[in-house]
Amino acid sequence: MLRFVLKRLLLAIPTLWAVLTTVFVLVRVVPGDPTIAILGDQASEAARAELREKLGLGKPILMQYVDFMGQILHGDLGRSLSTNRPITTDVLAVLPYTIELTLAALVVGTVLGVPLGVLAAMNRNGFADWFARIFSLAGVSFPAFVSGILLLIAFAVELRWFPVISIAKEGDFWGRLNALVLPSLNLGLLMVAYVTRVTRSGMLKALGEDYIRTARAKGLPYRTVVWRHAFRNVLVPIVTVVGLYLGVLIGNAVLTEIVFNRPGIGKLIVTALNQRDYSLLQGLMVVSAFAIVLANILTDLTYGLVDPRVKTS
Amino acid sequence: MKRHILAATTALALLAAGFGPAAAETVLTVGMAAADVGQLDPHRATTTQDKPVVSWMFNGLVRFKPGSASLEELEPDLAESWDKSADGLTWTFHLRKGVKFHGDWGEMTSEDVVYSLKRAADSKTSSFASDYAPVASIDAVDPYTVKIVLKQPIPALLGIVANYHGGNIVSKKAAEALGADFKIKPVGTGPFAIADYKSNESLTLVANKAYFRGAPKIDKILYRFIPADAARDLAFTSGELDVVYGRQDQRWVERFQKEKGIAVEVVQPSELALLFVNQSKKPFDDIRVRKAIAMAIDSKQIVGFKGAATAIPPVSVVPVGYLGTYNAKLYPHDVAKAKALLAEAGYPNGLELKVIQTSLPTMLNSMQIVQAQLKQAGIDMKMEVVDHQSWHAQIRKDLSEANYYSAARFPVADVYLKQFFHSRAIVGTPTAVTNFSHCSVADKEIDDAAISTDAAKQKELWATAQQKIVDDVCAVPLFEQLQVWARHDNVDYGYTFKAAIHLGPVITEATTKK
């Protein structure tokens, strides 16, 4: 197991390097000029040129790359072009919000998606199956900003159960939890759809296997056969989809954070992009990349737990 | 028994008075269409989301009357009075005594005023340095007197010492001590002081109890950044926001005007939308082609589309209500004449016009109307649509044959004329600002007006400049867009909100929330 973990971690290094380099290149390909966001549209060209120089935007690209890599190795994300604050401070301020939202969405996705998928498979072509299929189709087709607004209209504006602006006062635990419900539901719904589909098809396949027939022939109750025998075989694809989904969730958090007006990495990315704050954008993408790589490692490690064969191979 | 009830009720009433409403603080929540604050340093703040906040925290020597954007209605602020020498070159300001800066930054004196204005005049610390170019010296005569000497008269000198842009007075000690942090921890003398800033989330301001006009009635302002239009509207509808930045959209205004308990205010200053025609590119160097473009465009139709509630017809190449705006003689809408002009210029079958356009929906849809109108005269306008920031960067590289730009500026004709139509401001040069059309036809009038001491003569020069620019089709005026704000009617600004030089309501010591 230890060797497996070490191998996985070592493999992450070239991946991260490739990601960092891509981030560096991508951010520099984005057209636009941060001086407009900083100085406004009334400043003269001379003032802009002076600022560009001060921000180090005039440096040769290779030097910028070396600086960037050096900084990352020191765990330093640099300073924001527009606010001049250390990026690490800004990122750490919003990171808990994104982690909390992503984890909550993961819970929503799994807790609703897995039973729904199993139920659908057990009642093939029955009501539960029909419901699960419609639901997952709707789930994958609704863009997060549309479902978000629908949720807000129904539960925040009409019923007033939850706030429209999903930020609670500091230290207000219940307020924070309350504010988390709608956004995590919104973000999680998309995942419910996928988890349901994967669970359903996996279960259908498993239920048609010989060993299930054997188990049934032994006289085991259907429920035991389903959960003890068939379900265990669906765990690997479920973990895969959940793990893959973590990446998608981080991406989708952007829309959810904007619609629900929650602070977070996604919202910060949009701000950084709008202001052409290259250094902040770069820092945020690095953090997201690390998060996704980490999620992938965790997924691989979970395989080992749910399927012992993975560990040995 | 009755007595007991009476006693109990009295006790309850006392309790309620003691712990109920008196303990609760009045928080005014304002929702802004932005993802974050940009710059709260008043000498740098130019964006729509930053300017209102600056107006809550700072004072100038004089101020725009709350609810007004007119230079003719300026009133004393940090200066109680002022004298002007006969030649108009020396101005002496007598400061109010005992004005305190926020926090422990002490009393405001002439030293702070001198520091602030010099800071505003320096391009390293200010985005408005060019406004102060004619200033020769700024000196403290004594702790409560400041003397400003000019090299040449400035149109509306009071304008550059008003509580707007460079005229805002900052604490010298604080600005020096905080350095780069000053832009998120600004220190002024205004009715509200910054208390907290949460990146991408909100700003909290608290009442400055020592404010020289009296302690504000609102205890706290929570200024929230809500970039998504729908989320902002929903938060306003649900009552989570007291005041909201409205959409510059006829349907939005009509919808909220119908809602009970909500007041929608459509205010000046407007942003004038102009189509700049780039004379440096062929065939737009030909006046006949430019005239054809001007005549093909029907501004009435654009105003009709934008909606009469938020848009007004343009009168000139300078927005209405500015000091010096002239009701220019604009080219009439005449498609037949436009076609004839094109034929005369050698384009009987029409021509192509390539523009770079922002994807910002409100600006894009205006341009789509222009596109359709030009098409009728045989001008095929090809739009390369890019995102807003790229557009800003690209149009400054002189890449577009025509350019749609919409802006509000300091309400003097001088500023608009200098930034958009003077040859010094031509894009692609080191002194460039926003002269996208390479216009130079009125340089002399603009320069002469700037140093004219005779107000009537000055207005005449500005008028001539505007007519020349219109005649030469440096830009085609399209429409003027007003600002839209809405509030729940339990909020009373304390004045009639008709205009906002700071692009948002000024929250003063008199503002209340019931």
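**Chain B up close**

Modeller: The torsion about the S-S bond of B:C439 and B:C474 is about 65°, so this disulfide (cysteine sulfur atoms within 2.5 Å) is right-handed. Its sulfur atoms are 2.2 Å apart, and a search of the whole structure finds one disulfide over all chains. B:C439 sits in the loop between α13 (413-421) and α14 (443-451) of chain B, and B:C474 in the loop between α15 (455-471) and β17 (475-488), so the pair ties together parts that are 35 residues apart in sequence. Helices (H or I, at least four residues) and strands (E, at least two) are DSSP runs numbered from the N terminus.

The model is predicted: local features need pLDDT of at least 70, side-chain atom pairs count only at pLDDT 80 or more, and totals for chains, interfaces and linings use all residues. Residues are numbered from 1 along each chain as written, chains are lettered from A and ligands numbered from 1 in written order, and side-chain values use heavy atoms, without hydrogens or water.

Chain B also touches chain A. The contact (heavy atoms within 4.5 Å) takes 44 residues from chain B and 41 from chain A. B:N200, B:L234 and B:Q389 supply 16% of the area that chain B buries against chain A (accessible area lost on being put together, 1.4 Å probe), more than any other three residues. One salt bridge is counted between the two chains (Lys or Arg side-chain nitrogen within 4 Å of an Asp or Glu carboxyl oxygen). It joins B:D387 to A:R276, with the closest N and O atoms 2.4 Å apart. Elements giving two or more residues to this side of chain B are β8 (192-198), β10 (220-225), α6 (229-237) and α12 (388-395). Of these, α6(B) gives the most, with five residues.

Methods
Buried area = accessible area lost by both parts, 1.4 Å probe.
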